Amino acid sequence: MSIKKISKEQPSDFQFSKKNLEEAQKIIKNYPDGKQQSAVMPLLYLAQKQNDNWIPLAAMKYIAKFLNMPYIKVYEVATFYSMYNLSPVGKYFIQVCTTTPCMIRGAYDLVNVCKERISENENQLSKDKTCSWMEVECLGACVNAPMMQINNDYFEDLNEEKFEKIINQIQTGEKPKPGSYKGRKISEPENNRKTLLNIKNA
Ligand code: FES
């Protein structure tokens, strides 16, 4: 289970860059009059992207003012969803799914690799500060379990050995290839297909 950790070191101030301010105003226009607070999630995401992939408390306060809503409501949203990082993450941010389908297919073997190769605790930067990891709930790719997400890419059908290779690549500056590590295309069967045989392009 993932533990939300709020960084002890916080910047005293946050504001959107000129470009993100324009983007935020565009996002708000997507919502009907009086419902602008519904933009809180995309605005938190925008703040996270601007701030090296994590959201400081100052950004939550800034967004609360921006949307004219109580700070506690922004805080509740930011602390609820695992997609918001509340402490600094590595350049390579690894999210290992440990929900049941991934768990019974070996997700905790991947967690052990994270502990050995990255940091003993989740949400803690590696010594060279390039990587960090955390456990997350289902990422919607259960059919190719166990899986994990590195930044914006999914890596599926993993085991310890394959994950070790991915970490080696990251540490030597190579970009690992996303997708299935059993060579499957999307979620096709591992062996020969047994269904939908008479449907073209199925
Ligand atoms: S349980 Fe891991 S992706 Fe759904």
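Predicted model: local features only at pLDDT ≥ 70, side-chain atom pairs only at ≥ 80, totals over all residues.
## Overall architecture

The chain contains 7 helices and 5 strands. Along the sequence, these elements follow the order α-α-α-α-β-α-α-β-β-β-α-β.

The C-alpha atoms fill a box of roughly 55 × 45 × 30 Å along the principal axes. Of the 202 residues in the chain, 41% are buried. Among contacts with a separation of 6 or more, 62% are between residues 24 or more positions apart.

Helix α1 spans residues 18-28, and its buried residues include Asn-20, Ala-24, Ile-27 and Ile-28. These residues lie on the same side of α1, because they cover an arc of only 95° around the axis. The cover over the buried residues of α1 includes helix α2 and helix α3, the latter formed by residues 57-66.

The face of α1 turned away from this buried side carries Lys-18, Lys-19 and Lys-26, which are exposed.

## The packing of helices α2 and α4

Two packed helices are described by the angle between their axes and the distance between the axes. For α2 (residues 40-50) and α4 (residues 71-80), the angle is about 70° and the axes are 11 Å apart. Angles of 65 to 115 degrees count as roughly perpendicular, and α2 and α4 are therefore roughly perpendicular to each other. Their crossing is right-handed.

In this contact, α2 contributes Val-40, Met-41 and Leu-44, which meet Val-74, Val-77 and Ala-78 of α4. By class, the contact of α2 with α4 has 6 nonpolar residues, with no polar and no charged ones.

Key. Residues numbered from 1 in each chain as written. Heavy atoms only, no water. Axes fitted to C-alpha atoms, helices over the stretch in contact; angles between N-to-C directions. Helix = DSSP H or I, 4+ residues; strand = E, 2+ residues; numbered from the N terminus. Parallel < 35°, antiparallel > 145°, perpendicular 65-115°, else oblique. Left-handed = near helix turned anticlockwise from the far one by under 90°. Contact = heavy atoms within 4.5 Å. Nonpolar A, V, L, I, M, F, W, Y, C, P; charged D, E, K, R; others polar. Buried < 20%, exposed > 50% of the residue type's maximum accessible area, 1.4 Å probe, protein only. Arc of directions from axis to C-beta.
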